[in-house]
Amino acid sequence: MPSAPVDHDMAMAMALDEAAAAVQHGDVPIGAVVVIGGSVVARRHNEREVTGDPTAHAEVLALRDAATATGGRRLHGASLVVTLEPCPMCAGAAWAAQVAEVVFGAADLRAGAAGSLYNVSVDQRLNHTSKVVAGVRARECSSLLARFFADRR
C-alpha cells in the first residue's frame, strides 16, 4: 500500500526534527526538506559549526542532496520546506535549482529573502520564480529558535 503524499505540514514536521538535530552539534536549529511529487527526496539541517563551512545551511545541503537523488540540478516541481525563511544565499540556491515553491515557518526579519527583507523567490527580473508559502507551523519554528538562543545567553 503506497503511503500518502507528504503535504506542507508533514514536511515541516520533518524539517523541525532536522532542526532539533542541529542543536546536538551546536548549530542554529534550522531544518530543510525537499519534496518532489509528494515524496521526500532530501532532508538536512544546519552544519556550519560542525563542518566549519559558512555555506552549510540546511537549505543548501538539502538542495544538493535532492540534485544528487534526482540526477539533475534542476528541481522542477520541488518544494523546499524550511523552518526559517531562507537568507539571500539560500533563496539564491532555490532560484538556481528552479524549485517550484519555497515553504517556510518562521519569518526572518533580519535576513529573510523570501518576503521579509528581500523577495528573490518572486522577483520577475530573474529568469525563474517560485511560489512562496509563509507561516507553516510558524509558532513551533520560532519557539525552537528562541529556546536555542535563550539557552546560549
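Reader: Where is the place of Thr83?

Author: Thr83 is in strand β3. Strands here are DSSP runs of E with at least two residues, helices are runs of H or I with at least four, and both are numbered from the N terminus. This is a predicted model, in which local features need pLDDT of at least 70 and side-chain atom pairs count only at pLDDT 80 or more, while totals for chains, interfaces and linings use all residues. Residues are numbered from 1 along each chain as its sequence is written, and side-chain values use heavy atoms, with hydrogens and water left out.

Reader: Is Thr83 buried or exposed?

Author: Buried means under 20% relative accessible area, exposed means over 50%, and partly exposed lies in between, with a 1.4 Å probe and protein chains only. Thr83 has 1% relative accessibility, so Thr83 counts as buried.

Reader: Which residues does Thr83 touch, not counting residues up to four places away in sequence?

Author: Contact means heavy atoms within 4.5 Å. By that rule Thr83 touches Met12, Ala15, Leu16, Ala19, Pro29, Ile30, Gly31, Gly105, Ala106 and Cys141.

Reader: Met12, Ala15, Leu16 and Ala19 are in that list. Which residues of α1 are buried?

Author: An α-helix has 3.6 residues a turn, so residues three or four places apart point the same way. In α1 the buried residues are Ala11, Met12, Met14, Ala15, Leu16, Glu18, Ala19 and Ala22. They pack against β1, β2, β3, β4 and α5.

Reader: How many residues does α1 have, and what is its reach from first C-alpha to last?

Author: The expected span of a helix is 1.5 Å times one less than its number of residues. α1 has 16 residues and reaches 23 Å, close to the expected 22 Å.

Reader: What is Met14 in contact with, leaving aside its neighbours within four places in sequence?

Author: Met14, in helix α1, is in contact with Val6, Val33, Val40 and Arg43.

Reader: At what angle do α1 and α5 pack?

Author: Two packed helices are described by the angle between their axes and the distance between the axes. The axes are lines fitted to C-alpha atoms over the stretch in contact, and the angle runs from 0 to 180 degrees between N-to-C directions. Helix α1 (residues 8–23) and helix α5 (residues 138–152) pack at about 5 degrees, with axes 11 Å apart. Angles under 35 degrees count as roughly parallel, over 145 as roughly antiparallel, 65 to 115 as roughly perpendicular and the rest as oblique. α1 and α5 are therefore roughly parallel.

Reader: Which residues make the contact?

Author: From α1 they are Met12, Leu16, Ala19, Ala20 and Val23, and from α5 they are Glu140, Cys141, Leu144 and Phe148. Classes are assigned as follows: Ala, Val, Leu, Ile, Met, Phe, Trp, Tyr, Cys and Pro are nonpolar, Asp, Glu, Lys and Arg are charged, and the others, Gly among them, are polar. The contact of α1 with α5 has eight nonpolar, no polar and one charged residues.

Reader: How many aromatic pairs does a search of the whole structure find?

Author: A pair of aromatic rings is described by the distance of the centres and the angle of the planes. Rings of Phe, Tyr and Trp (its six-membered ring) pair if their centres lie within 6.5 Å; planes under 30 degrees apart are stacked, over 60 edge-to-face and the rest tilted. The search finds one pair. Phe148 and Phe149 have ring centres 5.0 Å apart and planes at 80 degrees, so the pair is edge-to-face. Phe148 is buried, with a relative accessible area of 8%, whereas Phe149, at 35%, counts as partly exposed.

Reader: What is phi of Gln98, and of Arg137?

Author: Most residues other than glycine have a negative phi. Gln98 has a positive phi of about 60 degrees; Gln98 is in the loop between α4 and β4 (101–106) and is buried, with a relative accessible area of 16%. Arg137 also has a positive phi, near 55 degrees. Arg137 is in the loop between β5 (131–134) and α5 and counts as partly exposed at 25% relative accessibility.
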